[in-house]
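Here are my notes on this model. Please read them with the structure open.

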Amino acid sequence: MNGRYPTEPVAVTGWGGLCAAGTTISETCAALERGEVNCGPVPPELFRSSLAFPAFSRSGALTGPRGRELLTATPYSPERLNRTALLTLDALGQALDDAGVTQDELRGQRVGIILGTTVGCTFHDEDYYAAWRRGERPDPGPVHQYLE
């Protein structure tokens with residue numbers, strides 16, 4: 001170690017990702033190469049808005065087959081997890097498939113995940129904060145979920 005960061009090599013064995021441009025790394029790269037974007041009105045399933053600004057959004061089910069498989073290994077139901085967590089499961093499933101690694105092979109192993117997100121699912125908690133700002137006492141579930 002150089003005092004701050006380890007100098008040992010790190011192996012990246014698999015990657016996955018999804019966004020408005022594509023539901024896989026290859027779809028996203030192809031859309032970027034073509035200069036395509038997926039931008040339109042704010043989808044009503046994300047949040048309600050009277051503003052006419054565009055949003056980037058991934059359409060379709062929030063969890064694909066591999067994401068649903070990973071979800072069964074957790075104590076959570078899809079309704080309990082926010083949009084960002086469900087999308088993360090899809091990306092994680094893609095990365096595991098890309099690496100050719102199963103969940104059983106990972107048990108007891110030391111692994112790392114690098115995760116990037118843009119909004120961290122702030123839209124999921126909008127109703128809570130709107131009620132709080134109106135002086136109401138909304139259920140603190142979204143705050144507890146965020147802190148877990």
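Predicted model: local features only at pLDDT ≥ 70, side-chain atom pairs only at ≥ 80, totals over all residues.

1. Now the buried residues. Helix 2 spans residues 65-72, and its buried residues are Arg66, Gly67, Leu70 and Leu71. These four cover an arc of only 145° around the axis, so they sit on the same side of helix 2. Note that an arginine, Arg66, is listed among the buried residues.

2. What covers the buried residues of helix 2? The cover includes helix 3 (83-99) and helix 4 (103-106).

3. Next, Thr28. Thr28 belongs to helix 1, which runs over residues 25-34. Is Thr28 buried or exposed? Its relative accessibility is 14%, and the cut-off for buried is under 20%, so Thr28 counts as buried. Leaving aside residues up to four places away in sequence, Thr28 touches Cys19, Ala21 and Gly22.

4. The overall layout. The protein has six helices and two strands. Along the sequence they follow the pattern α-β-β-α-α-α-α-α.

5. Burial and surface. The protein has 148 residues, and 24% of them count as buried.

6. Contacts across the sequence. Take the contacts with a separation of 6 or more: 53% of them join residues 24 or more positions apart.

Conventions
Residues numbered from 1 in each chain as written. Heavy atoms only, no water. Buried < 20%, exposed > 50% of the residue type's maximum accessible area, 1.4 Å probe, protein only. Contact = heavy atoms within 4.5 Å. Arc of directions from axis to C-beta.
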